[in-house]
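Please read the following note with the sequence and the model side by side.

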Amino acid sequence: MSGFSLKSLTITIFIACLACSSRFQTCSARKTKYTKQFKNIGKKYDGYSYHDNKFMDGSNRVTTPLKNADSSIFNVLDFGAKGDGKTDDTKAFEAAWAAACQVQGSTMMVPSGSLFLVKPVTFSGPNCESNIVFQLDGKIIAPTSSSAWESGLLQWLDFSKLQGITIRGKGTIDGQGSVWWNDSTEESESETPTTGDSFYGGNQDSISGELSSKMPSTKPTALRFYGSSDVTVTGITIQNSPQTHLKFDDCIGVQVSDVSVSSPGDSPNTDGIHLQNSNGVVIYNTNLACGDDCVSIQTGCSNVFVHNVNCGPGHGISIGGLGKDNSKACVSNVTVRDITMQDTMTGVRIKTWQGGSGSVSGVMFSNIQVSEVQTPIMIDQFYCDKSRCENETSAVAISNINFVNIKGTYTEKPVHFACSDSLPCSGVTLTTIQLKPAQAASQSDAPYCWETYGELKTSTIPPIDCLQTGKPSKNKLNSNGDSC
């Protein structure tokens, strides 16, 4: 009996060992399975989103945060943006910005394949961390209902008081400006009512599908940077702004490259790039087509370099208008070179109002190719955008302006220099100017000069005999008592 018990005990222990071994192998197999699965997750994560449908919800967003997700990337879809072109996504953009703002070197992601309707919004410092990237690969559209703009706003997308801010990508900012240009009262086809819930719950703002009553008289700039340093805009498209497309005000260290601006040639006041009170600006490899100045350089700007830019349609590249309402204006050290222009009102131009003060000096316009431009070279100290302006004696002083290697065709007049009687233009030089009429020239097509002093460095086509050599009298040069 005892022998039998010992034998039974031995068999029982053996069976228990087999069972334990089997369970251990099962546990090891499960561990191996999940280890491989998380390795696969890592392979499918590209830094912006995860692509395995087993871990996706219906909106293609990750349902569970991944441990290796980049915590410095903030996708607007993850903050409730719908991206359907109908729902108001403003709050989602604000929330994504608030999160990105707290992380140095972060990226706010506006992904491709979506259309985001965004009301006027400010992405603001100065309490944000530095070097934030706004990655724009999708498309942002402006509302076309008048209620979204209150009584009139100056900006639509506004970046304010930031250090090291970059907007980059292959996406588009569309101001849907035709409703402003045409002052349309018809309902916009692109905005229809929606009842979808948002990340924030509650009722959606009814800016979509609303009857667009008369728009405010104040038209907004599509994209503005204010009071910021180390600003970069690259790769994006800005189109159909109600007014100026891209503006920099009170900024230091600006770089714009590979940007496309597009609006119809008859769209009013739609400057391509507008600079004001900004220093250290470089604009290059950019295509600008608009209804006003391709580049507008206003008071307070210095050390500006514009090169390899295609302009047209539009009004050309302009410094000014300066000195409006008897104001003081200062612009210095501007270089514009390697430019092509076609079908523009002017080519390179300086324009100032009568009655102003200050100065424009140290300007180089070089290597400009024009095609059917109305007036390729212009200085106008009698600028007036009204039917009539009062004559005044004070003026913004203009000196040391160089025009070099400007060639092509014009449709009205090759050169127009209209300088102040009391403060003539001085130090104007012309080198290798070859401008021919697009059609048979008439006597009225001859170059025009008034109170303009300088030097012809080479012979010109046509001959610019009206330029006065030397310098104006000292009493005239000293008459500007409020120089920069």
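Leaving aside its neighbours within four places in sequence, which residues is F248 in contact with?

1. *Basis of the note.* This is a predicted model, in which local features need pLDDT of at least 70 and side-chain atom pairs count only at pLDDT 80 or more, while totals for chains, interfaces and linings use all residues. Residues are numbered from 1 along each chain as its sequence is written, and side-chain values use heavy atoms, with hydrogens and water left out.

2. *The surroundings of F248.* Contact here means heavy atoms within 4.5 Å. With neighbours within four places in sequence left aside, F248 is in contact with F225, V231, V233, V254, V256, I273, H274, L275, Q276 and S278. F248 has a relative accessible area of 0% and therefore counts as buried (buried means under 20% relative accessible area, exposed over 50%, and partly exposed in between, with a 1.4 Å probe and protein chains only).

3. *The nonpolar core.* A nonpolar core is a set of buried Ala, Val, Leu, Ile, Met, Phe, Trp, Tyr and Cys residues joined through side-chain atoms within 4.5 Å. The largest such core has 101 residues, and F225, F248 and F403 touch the most other members. In soluble globular proteins, nonpolar side chains tend to be buried together.

4. *Aromatic pairs.* The structure holds 13 aromatic pairs. Rings of Phe, Tyr and Trp (its six-membered ring) pair if their centres lie within 6.5 Å; planes under 30 degrees apart count as stacked, over 60 as edge-to-face and the rest as tilted. One of the pairs is W97 with F159, which is edge-to-face, at 5.9 Å centre to centre and 85° between the planes. This pair links distant parts of the chain, since W97 is in helix α2 (residues 90-100) and F159 in strand β8 (residues 155-160), 62 residues apart. Helices (H or I, at least four residues) and strands (E, at least two) are DSSP runs, numbered from the N terminus. Both W97 and F159 are buried.

5. *A stacked pair.* Why is the pair of F225 and F248 stacked? The ring centres of F225 and F248 are 5.3 Å apart and the planes are at 10°, so the pair counts as stacked. This pair also links distant parts of the chain: F225 belongs to strand β11 (residues 221-226) and F248 to strand β14 (residues 246-249), 23 residues apart. F225 is buried because its relative accessible area is 0%. One aromatic cluster is formed by W97, F123, F134, F159, F225 and F248.

6. *The cavity.* A search of the whole structure finds 1 cavity of 30 Å³ or more. On a 1 Å grid over the protein atoms alone, a cavity is a set of points where a 1.4 Å probe fits but cannot get out, and lining residues have an atom within 4 Å of a point. Grid points are joined across faces, edges and corners, and a volume is the space filled by probe spheres set on the points. The largest cavity holds about 40 Å³ of space. Its lining consists of F123, F134, I140, L157, F159, I167, I173 and L223. By class, this lining has 8 nonpolar, no polar and no charged residues (Ala, Val, Leu, Ile, Met, Phe, Trp, Tyr, Cys and Pro count as nonpolar, Asp, Glu, Lys and Arg as charged, and the others, Gly among them, as polar).

7. *Backbone points to inspect.* Most residues other than glycine have a negative phi, and most peptide bonds are trans. The peptide bond from G125 to P126 is cis, with omega near 0°, and P126 is in the loop between β5 (121-124) and β6 (132-136). The bond from G320 to G321 is also cis, with omega near 10°; G321 is in strand β21 (residues 317-322). K161, in the loop between β8 and β9 (163-168), has a positive phi near 55°. N285, in strand β18 (residues 279-289), has a positive phi of about 50°.

8. I461, by contrast, is partly exposed, because its relative accessible area is 39%.

Technical notes. On a 1 Å grid over the protein atoms alone, a cavity is a set of points where a 1.4 Å probe fits but cannot get out, and a pocket is an open set with protein on both sides within 12 Å along at least five of seven lines; lining residues have an atom within 4 Å of a point.
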